[in-house]
Amino acid sequence: VQLVESGGGLVQAGDSLTLSCTASGRTLSDYSIGWFRQAPGKERLFVSTISQTGDSTYYARAVKGRFTISRDNAKNTVFLRMKTVVPEDTATYYCAAGQRPYGDDRLYDSWGQGTQVTVSS
């Protein structure tokens with residue numbers, strides 16, 4: 001499956017934005033989708049993940065209550081709604097496809113190219 005992220009950009013602290021992860025080549029509903037982020041010079045970190053049906057979702061502590069993951073399998077797209085963003089959310093955001101909603105990035109098989117989110121204070 002090929003994944004393409006979109007929706008990143010430059011926003012101010014407190015703003016909201018929504019990232020999209022669109023799949024092609026395979027049916028998105030076959031996969032759990034995870035979102036990860038990586039700031040310059042830092043390791044890639046788990047953000048959120050959603051199961052194939054959308055029944056199960058998980059969040060990193062740093063984003064819980066501010067970010068919401070959802071999916072529209074008919075549109076082959078997973079969304080990450082980001083609210084009340086803070087400068088610490090600045091990173092390149094990646095989506096990845098896996099067999100289960102893992103929190104470990106090593107268990108994901110396919111990755112998108114990433115979309116940059118920059119939050120100014």
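Me: Which residues line the largest pocket?
Reply: Please keep in mind that this is a predicted model. The lining of the largest pocket consists of Arg37, Gln38, Ala39, Lys42, Glu43, Leu45, Phe46, Ala60, Ala62, Glu88, Thr90 and Ala91. Strand E4 (32-38) and strand E5 (44-50) are the elements that give two or more residues to that lining.

Me: And what volume does the largest pocket have?
Reply: Its volume comes to about 160 Å³.

Me: How many of the lining residues are nonpolar, polar or charged?
Reply: Sorted by class, six residues in the lining of the largest pocket are nonpolar, two are polar and four are charged.

Me: Let's step back to the whole chain. How many helices and strands does it have?
Reply: There are zero helices and 11 strands, so that the pattern read along the sequence is β-β-β-β-β-β-β-β-β-β-β. As for its overall extent, the chain has a radius of gyration of 13 Å, which is close to the 14 Å given by the globule rule for 121 residues, and it is therefore as compact as a globular protein of that length. Along the principal axes, the C-alpha atoms fill a box of roughly 40 × 25 × 25 Å.

Me: What share of the residues is buried?
Reply: Of the 121 residues in the chain, 43% are buried.

Me: In what order do the four strands of the open sheet come?
Reply: The order is E1-E3-E8-E7, and the pairing in this open sheet is antiparallel. Strand E1 (2-6) and strand E7 (67-72) are at the edges with a single partner strand each, so one side of each has no neighbour in the sheet. On average, and with direction ignored, neighbouring strands of this sheet are turned by 15° against each other.

Me: What holds strands of a sheet together, in general?
Reply: Strands of a sheet pair through backbone hydrogen bonds, and the pairing can be either parallel or antiparallel.

Me: Back to E1, then: how many bridges join E1 to strand E3?
Reply: Five bridges join E1 to strand E3 (residues 17-24), and the two run antiparallel. Within E3, Cys21 is the bridge partner of Glu5.

Me: I was also looking at Ile69. Is Ile69 buried or exposed?
Reply: Ile69, which has its place in strand E7, has a relative accessible area of 4% and is therefore buried, given that the cut-off for buried is under 20%. From C-alpha to C-alpha, Ile69 and Ser56 are 10 Å apart in space, while in sequence they are 13 residues apart.

Me: Changing topic to the loops: where does Pro101 lie?
Reply: Pro101 is in the loop between strand E9 (91-98) and strand E10 (110-111). With a relative accessible area of 22%, Pro101 is partly exposed, because that value falls between the 20% and 50% cut-offs. The C-alpha atoms of Pro101 and Gly65 are separated by 19 Å, and these two residues are 36 residues apart along the chain.

Me: Which loop holds Asn76, and what is its phi?
Reply: Asn76 sits in the loop between E7 and strand E8 (77-82), and it has a positive phi of about 55° although it is not a glycine.

Me: And Thr84, what is its phi?
Reply: Thr84 has a positive phi of about 50°, and it is not a glycine either. The loop that holds Thr84 is the one between E8 and E9, and Thr84 is partly exposed there, with a relative accessible area of 46%.

Key. Residues are numbered from 1 along each chain as its sequence is written. This is a predicted model: local features need pLDDT of at least 70, side-chain atom pairs count only at pLDDT 80 or more; totals for chains, interfaces and linings use all residues. Side-chain values use heavy atoms; hydrogens and water are left out. On a 1 Å grid over the protein atoms alone, a cavity is a set of points where a 1.4 Å probe fits but cannot get out, and a pocket is an open set with protein on both sides within 12 Å along at least five of seven lines; lining residues have an atom within 4 Å of a point. Grid points are joined across faces, edges and corners, and a volume is the space filled by probe spheres set on the points. Ala, Val, Leu, Ile, Met, Phe, Trp, Tyr, Cys and Pro count as nonpolar, Asp, Glu, Lys and Arg as charged, and the others, Gly among them, as polar. Two strands pair if DSSP finds at least two bridges between them. Axes are lines fitted to C-alpha atoms, for helices over the stretch in contact, and angles run from 0 to 180 degrees between N-to-C directions. The radius of gyration is taken over C-alpha atoms; the globule rule is 2.2 Å times the number of residues to the power 0.38. Buried means under 20% relative accessible area, exposed over 50%, partly exposed in between (1.4 Å probe, protein chains only).
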